[in-house]
Amino acid sequence: METTAWKPQARQAAFQARSEYEVLYGGAAGGGKTDAMLTEALRQIHIPHYKGIIFRKTFPQTRELVSRSRYLYKKASPKAKYNSTEHTWTFPSGATITFGNMQHVKDLEKYQGQAFDFVGFDELEHFTWDEYSYMFSRNRPTGKGTIAYIRATANPGGIGHAWIKDRFITAAPPETRIVEKTEVTTPEGEVITVEKDRTFIPATVFDNKALLENDPGYIGSLAMLPEAQRQALLYGNWDSFGGQVFREWVNDPEHYEDRKWTHVIEPFEIPAYWNIWRGYDFGYAKPFSVGWYTADPNGKIYRIREYYGCTGEPNKGLEIDPAKQAANIKAIEEEDPNIRGHKIIGIADPSIWDTSRGESIADIMCKHPNYIQFMPGENNRLAGKMQYHYRFAFDESGEPMFQIFNTCKHFIRTIPSLVYDESNVEDIDTNTEDHIYDECRYVLMANPISPRKHFEKPKDYDDPLDQRQNVTRFYNF
């Protein structure tokens, strides 16, 4: 009697049925992501020149893929052979599937000059945008009859959280085809429009009936996690995840107008007698960041405007020189009615006064006619991070000491996605998009406040997995 080695469940089948160039699957623990990825890579193994590759961040992490593939691939193709030295499966047709890793930047060099019909990333949240996007250049048909495409799985969190969320989660509702058009000019001057598409297929443990039948207690295990991890891994909540630095962060449009229990608010007119602080973090190949802030008579700080030098690709700078940046800053300050006419105090990364490679950035920016001046910011990283915590804390009435105009899109995008450094657990991971974080940190350190108790807004718990009573929790940082 013939038996089926593996059959996709509903969400896995939905993932494997998509035709987009990029598809992200998962978003929570227990959705059957690894099986879906491994079996998807088998789709073209009947073609002799087919080459597939599936990445995990480090080589030890690939062992889980290898272990599961020994069952799935042998069932699918009993004569397939695995080479543990090359980390590659070879199928009777000659097709191959390799397990790769990108632990270090230099690991990209291993894939230069190679081509893969199928590129998979398991646990994409551990990869940077540069690592992921580099494989676009390696993803092409290796011969006649193959189709080149990319698949990935992910949970909320990790160093890749921000760019994954931007690219797949907030870009469109789940299972919506997102089309990205790019114009390319040929050497002959012809302009060609090329299209690539992508989508996100969500799945949680509730979609994995086989797992729940085998281990009914797994939901309980996820429900026992700390709140941030629980929301991420049980429900696939991309606004809450383990490793998140600023767990206090709340962006609640329902409270934009009353300014309670939210860090994001509607803009308002700044009184003429309030000072303005201008924070600055220089960047060229990486984004530069300029933020304008004000403070009310009670010392609450508001971020009222931003100028972020990003191309639109994650962590890619506009490559604008300091003089041009200064001219653009000056123009904004002369045109913005909420800034124009106010006393402006500039605070910047102390490194812009470095003269070891010639004229400093600070000197360039203060030359006529731009005349943009700064004072060096206090660069104590831990103290600066704590100022964020103190100011993000809500009091009993829902009042924080730092709020952001909802027009500051890049602050709202990057700050909640910051994660801790694995080797320096008290600091953020500086490989993330931290330019706004640094620029703002200098302003907060110029206006320090004492530690505050943090209160959480009372909730009406309608979660059947959460038996806690309605509570207001508070703690000291």
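Predicted model: local features only at pLDDT ≥ 70, side-chain atom pairs only at ≥ 80, totals over all residues.

**Arg 413 to start**

I looked up Arg 413 first: it is buried, with a relative accessible area of 19%. Buried means under 20% relative accessible area, exposed over 50%, partly exposed in between, with a 1.4 Å probe and protein chains only. Arg 413 belongs to helix H12, residues 409-414. Helices here are DSSP runs of H or I with at least four residues, strands are E runs of at least two, and both are numbered from the N terminus. Setting aside neighbours within four places in sequence, I find Arg 413 in contact with Asp 166, Tyr 308 and Glu 433; contact means heavy atoms within 4.5 Å.

Residues are numbered from 1 along each chain as its sequence is written, and side-chain values use heavy atoms, leaving out hydrogens and water.

**The sheet**

I traced an open sheet of nine strands with mixed pairing, in the order S3-S4-S5-S2-S6-S7-S1-S9-S8. Its edge strands are S3 (81-83) and S8 (178-185), each pairing on one side only. Two strands pair if DSSP finds at least two bridges between them. On average, neighbouring strands of this sheet are turned by 15 degrees against each other, direction ignored. For angles, axes are lines fitted to C-alpha atoms, for helices over the stretch in contact, and values run from 0 to 180 degrees between N-to-C directions.

Tyr 82 has Trp 89 in S4 as its bridge partner. Helix H3 (residues 62-76) packs on the sheet here, touching S2, S3, S4 and S5, and its direction makes about 165 degrees with that of S5. Helix H2 (residues 33-40) lies across S1 (22-26), S2 (51-56), S5 (96-101), S6 (118-121) and S7 (149-154), running at about 165 degrees to S7.

**Rings**

How many aromatic pairs does a search of the whole structure find? I get 35. Rings of Phe, Tyr and Trp (its six-membered ring) pair if their centres lie within 6.5 Å; planes under 30 degrees apart count as stacked, over 60 as edge-to-face and the rest as tilted.

I picked out Phe 118 and Tyr 149, an edge-to-face pair at 5.3 Å centre to centre with 75 degrees between the planes. This pair links distant parts of the chain, with Phe 118 in S6 and Tyr 149 in S7, 31 residues apart. Phe 118 is buried at 0% relative accessibility, and Tyr 149 is buried at 7%.

Next I took Tyr 273 and Trp 274, also edge-to-face, at 6.4 Å and 85 degrees. Buried or exposed, for Tyr 273? Tyr 273 is exposed at 63%, whereas Trp 274 is buried at 10%.

I also noted one aromatic cluster, whose members include Tyr 21, Phe 55, Phe 121 and Trp 163. Lys 196 lies over the face of Tyr 21, 3.9 Å from the ring centre. The charged end of Lys 51 sits over the ring of Phe 116, 5.0 Å from its centre. My cut-off for a charge over a ring is NZ of Lys or CZ of Arg within 6 Å of the ring centre and within 35 degrees of the ring normal.

**Helix H5**

Last, I went to helix H5 (residues 161-169), where eight of nine residues are buried. Among them are Trp 163, Lys 165 and Arg 167. Their cover includes S1, helix H4 (129-134), S7, S8 and strand S9 (191-202).
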